[in-house]
Amino acid sequence: MQKEKSTLGFPTLYPDADLRNALSMIYFKLPFDENLYSADNNNSDEQHIVFHSFEGSETVAHPGKIIKIKPEETDLTQLVSSALPQDSNHFTPETKDEYLKNLANVIDVINQNELPKLVYSRRKIITDFHKIDLSKSFKNLCDSYPNAFRYIFTDEKNAWMGAFSEVLGKFNKKTHTFETMSLAGTLPVSESWSEKEIEEQKPVTEYIRNILKNYSDNIEESATYDHVSGNIKHLRTDFKAMIRPENLDLIIQQLHPTPAVCGIPKDFCKEKIRELEKFPRELYAGYIKIETEENIFYFVNLRCCKLYQDAVHIFVGGGITAQSSPEKEWRETELKSEAILKNLTFSN
C-alpha cells in the first residue's frame, strides 16, 4: 500500500490502495479543515475513531489508522443508498400536538423538582422519497458548515451523518492542554437573546467550571459570545486548562453528558429523559472520539441523522427551563432540523 504523510500526520491514501470494505466505511472532515479523512480498516486492534451513545452503553468503532483521502478520490462513489438498511423500527414521530403536550409534562417535572434545565428531544422522520444521494448530501453538509466536525458512516447495522460544532474536549498530547466549551441557548441568527437563553447557558458554564477545578489549578475562561452555525446561533464560553493525561478519561466521563444535552442534575435528568422521550437517543447526543498523532478530539454528536434506504431520522432537541414556551420550543426543533434537512438530496 503506497502512502505518504499528510500535514496532520495521517497517511495519504492513493487511488489504487483503497481496500476498504464497502459495507463499513467512514468519511469525516475536521473543523476548518477541508481535507477528507477515513479509516483504513486494516487493523482491528487500532481504534482511532469511536462513536459513543448518549447512554454510554453502545459504541461504534471504525478500526484501523486514520487516512487522508487524495483530492481526486473525494467523489465518494462508494456511498450508495442501496447499501443502507431498511427502516424496520415502525416508529411514528411525535405530532406537534403530542410534542406540546409532552413538553408541558416536562415543564411540570422541572417545576416540581426545581430543575435549572432538562433537555428534551424528538425525531423528525422523512419517508416521502425514492432514493437519497449520500455523496451529494454529505458534500452539501460539508459546504454548509466549514467550522463543524462533519461525518458520514455506514456499517452492517448503522448509517449516520452529521455536522456540529460543540466540542466536549480537545487534548493536546504534547502540551497536556485540555479545551472544552459551554454551548447552550439557540435562536435564529437575526434574533436577540432573551433571559431564557441566557439563564439556560449559565448552569452549563458553571457545571464545566466546577469539574475542571477538580483537575487543574490553571483554568482560562473566556467571555460568553455568539457562536453562529448556519441559520442559528448559540451562546458559547470557552475553557482551557492544564491537566494530567491520566485524568483525561475521567474528565470526559464526568463532562458527558453535559447539561447542554441532558440537564442538571445529570443523573436525575438522564432518568427523566428515559421516561419522557418517545424514542431512544442512540448515538444522538453521544460523543465521537477522534485520536490523531497530536490531539484527541471529543465531538458532541448533535446535528445528526440516521439513514435508511426508505427513511431518514433527524434528531433534534432543546434545553427546557421553567420559562420555556412549548410553541417556541417546537419552532426551535423545526429550525434545528433544517440544519440537516436542507442539505439532503433526494430523488422521488
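**View 1. Surroundings of Phe315 in a predicted model.** Leaving aside neighbours within four places in sequence, Phe315 is in contact (heavy atoms within 4.5 Å) with Arg122, Arg123, Trp160, Pro280, Arg281, Tyr284, Leu302, Cys304, Cys305 and Lys306. Phe315 is found in strand 21, where helices (H or I, at least four residues) and strands (E, at least two) are DSSP runs numbered from the N terminus. With a relative accessible area of 3%, Phe315 is buried, a term for residues under 20% relative accessible area, as against exposed for those over 50% and partly exposed in between (1.4 Å probe, protein chains only). Phe315 and Lys336 stand 21 residues apart in sequence, and their C-alpha atoms are 9.0 Å apart in space. This is a predicted model, in which local features need pLDDT of at least 70 and side-chain atom pairs count only at pLDDT 80 or more, while totals for chains, interfaces and linings use all residues. Residues are numbered from 1 along each chain as its sequence is written, and side-chain values use heavy atoms, with hydrogens and water left out.

**View 2. Lys124 in strand 8.** Lys124 lies in strand 8, which comprises residues 117-126. Leaving aside neighbours within four places in sequence, Lys124 is in contact with Val312, His313, Ile314, Glu334, Ser337 and Leu341. Between Lys124 and Phe51 there are 73 residues in sequence and 22 Å in space, taken from C-alpha to C-alpha.

**View 3. Thr321 in a loop.** The place of Thr321 is in the loop between strand 21 (312-320) and helix 6, and at 2% relative accessibility this residue, Thr321, counts as buried. Apart from neighbours within four places in sequence, the residues in contact with Thr321 are Ile107, Ile110, Pro116, Lys196 and Glu200.

**View 4. Helix 3 and its buried residues.** Among the buried residues of helix 3 are Lys196, Glu197, Glu200, Tyr207 and Leu212. At 1.5 Å a residue, the 19 residues of helix 3 (residues 195-213) should span 27 Å, and the end C-alpha atoms are 27 Å apart, which agrees; the expected span is 1.5 Å times one less than the number of residues.

**View 5. The crossing of helix 1 and helix 6.** The axes of helix 1 (residues 96-113) and helix 6 (residues 326-341) come within 9 Å and cross at roughly 120°, the axes being lines fitted to C-alpha atoms over the stretch in contact, with angles running from 0 to 180 degrees between N-to-C directions. The contact is made by Lys96, Tyr99, Leu100, Leu103 and Ile107 of helix 1 and by Pro326, Glu327, Glu329, Trp330 and Thr333 of helix 6.
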